Every structure is written in C-alpha cells, then in structure tokens.
Amino acid sequence: MKLTLKDIAKQAGVSIPAVSQVLNNKPIRMTEAKRALIKKIAKDNHYMPNLAAKALVSNKTYTIGIIIPDINNPFFANLAKQIESQLRKLGYWLILVNSNEKFASEKELLPLLLNRGIDGLIFIMSNQAYAQETELKAMLSDIDTPYVLVDRGLDQFDCNQIIFNNRLGGYLATKHLIASGHQTIGIMMNFPDNINCHYRFIGYQDALAESGILLDKRWVVSTKFDIEDAYDKAEQLLRNPEITSIVAGNDMIALGIIRKANELGKKIPEDISIIGYDNVFYTDLFKPSLTSIEQDVNAMATQTIAVLFETIADPTAKKFIQLSPRLVEKASVKQLT
C-alpha cells in the first residue's frame, strides 16, 4: 500500500503540515531527532510525493522541457545530461525530445511539451529552422511559457539566449595553425546551413586576413555534422598537396577526416594537421589526441538554468549571454619550421 503524508504523520506523532515542511526541507520548529524520524519513515517506506497534488497546490509541475536537434551529437547529449543533473538537484524533472534537425518536428514537439504544463522550456533549434525564420519567430512569439534559446542564437529577436562566441572559436583554431607555421589551411564545416558554423567560418576568415593570407576557394568544403559525410568529402582537401592543415566544424567532422586520411596513408600530424571543435571526451581515445576548441558545457548548462529560473520568477526578464570558447592543445597539430 502506498504511504501517504497522513501515514507518516501518524507514525511520527506530528501533524500532516509538519511532515510536508520537513520533507520539502522548509524551516520548522522541531527537534532534529523528530525531523530525522520523519525522513527515516519516508525513506524506509519508499515514500513518493503525489506530484499531481503538489502541482495543484503550487501551480507548478516541477518539469522543464528541452528540445535538442540531434541526440547522436555528443555535444548536445552532454549538454542535456548536464542540464538534467543540475535540474534534478533543484527538485525538477527534465522532459527531453529530439527534433532530428527538422523544423517540422519542432512544430509538432513544441505544443506537446507546452500542453504538458512544463514550467519552462529550453530550446536548441534545428538547422532547418533558420530557413523558416519568419515562421520561427512567430512561433516563438506565441509562447507564454518562460523559455531560453541555447547554443544556436537568433539575430534581431528579443528573448533569452545563451550562446558561445563561434566567431572567436573559428579565429582561435585558425590562428593556432598559423602560429604553428601553416599557411594553406583547409576548412570543413556546415556553414551554409548552421548559424554556428557560419560564424566559425567568419572567424577563420578573420584569422587569415589578419595574417595576410588570401583565401583559396579550393580550401573550403561544406559538410554535415556527421562522421560519414565528412569521411566522404575529406578527400577533396586531403588530395590537395598544398594544404597542410584543416579546421573542422566539430569533432565528428574531424574524426571523419582522420578516418579518410588513414585510408589514404596520411599520418596525423606528420602529413596533415587537424583541429576539431567541441573537445568531446572520446577524442582523447584516438592517437594522436585531437587539438580542439572547447565549449564549456557545464557553464552553458548552469547559465541556462539560472536564466530560465529568473524568467520563471519574472517573465519580463530577458538576457543575452555569450560565452567564450578556448583552445585545448593536444597532439594533432604539427609545428612547421
């Protein structure tokens, strides 16, 4: 039989409100021994609060929804994990849905989450959403639930946004290769469709221009955030004898390039230097380990939750926060003489 607050109160010899105060860690005039007894009774009997009743009383569901574009992308998977972990410590649950980088899916998933009465929404937009900007902005404007856009921002739109400075990231990667003696630097990323790669590509161009290096269109290859697609297209750069290094749009792209390089008999970094983006954990398992631009996922999760909760408390609050990436040097870049 399911234990209720009334049962715990009866066993502990206290009132039902007193039990509620203790189990919700709220201040109450009570001895530590009695407080410990209440918690022990609840724990020993595997007491679970009635969330539906709690929601009726507090007008909260204690749930947050998150829409992510690709659960297979380690960056998004790690970000969702960090957000879920931090929310759980605050007594909130996370409902996660995956759009598979499709705007049509987002249009279906958004009302599903909102109709569940979530207290707040975290939204990482699909690449397709940017091609439907007018409809996207209208859709976001109709949301009454507090929300925050994360990782992929939206220009000229007033809402909470937490993003990384992708232009700086592209600059740091390219500048490091230039400082290592490289002058012919290829680039592979999804800059036509992805807003983050659009700015990373601008950062790449910034670094080349700053060093007086003229960009050759043969150095530029567009690819998806996908190991297989990068593998299929990497030969365009790896067969070019002038190119000594490559900036990859993320670590999955970098690994696709490395796979193709190994197939062509090219060694990293002896024959070709590579810099990734995201610094995901599994790149340390490869030899050589991958130099990469790191985005602090924990910091993004913390900022996201803080801003979301501020907006839940005050719906008029709006914040735009831009975090800075950093270069993590490992072993995939060769110093040229």
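Which backbone oxygen does the side chain of Thr304 reach at 2.7 Å?

**Entry 1: basis of the model**

I noted that this is a predicted model, in which local features need pLDDT of at least 70 and side-chain atom pairs count only at pLDDT 80 or more, while totals for chains, interfaces and linings use all residues. Residues are numbered from 1 along each chain as its sequence is written, and side-chain values use heavy atoms, with hydrogens and water left out.

**Entry 2: Thr304**

I looked up the opening question: the side chain of Thr304 reaches the backbone oxygen of Met300 at 2.7 Å. I took a polar contact as a pair of N or O atoms within 3.5 Å; within protein, one must be able to donate a hydrogen and the other to accept it, and residues adjacent in sequence count only if both atoms are side-chain atoms. Thr304 is found in helix H13 (residues 297-313). Helices (H or I, at least four residues) and strands (E, at least two) are DSSP runs, numbered from the N terminus. At 0% relative accessibility, Thr304 counts as buried; the term means under 20% relative accessible area, against over 50% for exposed and partly exposed in between (1.4 Å probe, protein chains only). Neighbours within four places in sequence aside, I found Thr304 in contact with Ile122, Val148, Val150 and Ile162, where contact means heavy atoms within 4.5 Å.

**Entry 3: the chain as a whole**

I recorded 13 helices and 12 strands. The C-alpha atoms fill a box of roughly 80 × 45 × 30 Å along the principal axes. Of the 337 residues, 50% count as buried. Among contacts between residues at least 6 apart in sequence, 71% join residues at least 24 apart.

**Entry 4: helix H7 and Lys137**

I listed Leu136, Lys137, Met139 and Leu140 as the buried residues of helix H7 (residues 133-141). Seen down the axis of H7, they fall within an arc of 160°, so they line one face of the helix; the arc is that of the directions from the helix axis to the C-beta atoms. The face turned away from the buried side carries the exposed residues Thr134 and Ser141. The cover over the buried residues of H7 includes helix H6 (103-114), strand S3 (120-123) and strand S4 (147-150).

I then examined Lys137, which is buried with a relative accessible area of 17%. The side chain of Lys137 reaches the backbone oxygen of Asp155 at 3.2 Å. Leaving aside neighbours within four places in sequence, Lys137 is in contact with Leu154, Asp155, Gln156 and Phe157.

**Entry 5: strand S5**

I found both faces of strand S5 (residues 161-164) covered, with Gln161 and Ile163 buried on one side and Ile162 and Phe164 buried on the other. S4 and S5 run parallel and are joined by two bridges; strands pair if DSSP finds at least two bridges between them. Val150 stands opposite Ile162 in S5. S5 also pairs with strand S11 (residues 320-323) in the parallel sense, over four bridges, and there Gln161 stands opposite Phe320.

**Entry 6: the six-stranded sheet**

I traced an open sheet of six strands in the order S7-S6-S8-S9-S10-S12, with mixed pairing. Strand S7 (220-222) and strand S12 (326-328) stand at the edges with a single partner strand each, so one side of each is left without a neighbour in the sheet. Neighbouring strands are turned by 20° against each other on average, direction ignored. Strand S10 (residues 291-294) pairs with S12 in the antiparallel sense over three bridges, and Glu294 has Arg326 as its bridge partner in S12. H9 packs on the sheet, touching S6, S7, S8 and S9, and its direction makes about 170° with that of S6. H12 lies across S6, S8, S9 and S10 and runs at about 155° to S9. Axes are lines fitted to C-alpha atoms, for helices over the stretch in contact, and angles run from 0 to 180 degrees between N-to-C directions.

**Entry 7: nonpolar cores**

What is the size of the largest nonpolar core? I found 42 residues, with Met188, Tyr204, Val247 and Ile257 having the most contacts inside it. Such a core is a set of buried Ala, Val, Leu, Ile, Met, Phe, Trp, Tyr and Cys residues joined through side-chain atoms within 4.5 Å. H12 gives the most to this core, with seven residues. Not counting residues up to four places away in sequence, Ile257 touches Met188, Ala230, Ala234, Leu238, Ile246, Ala248 and Ile274. A second, separate core of 25 residues includes Leu79, Ile83, Ile122 and Met300.
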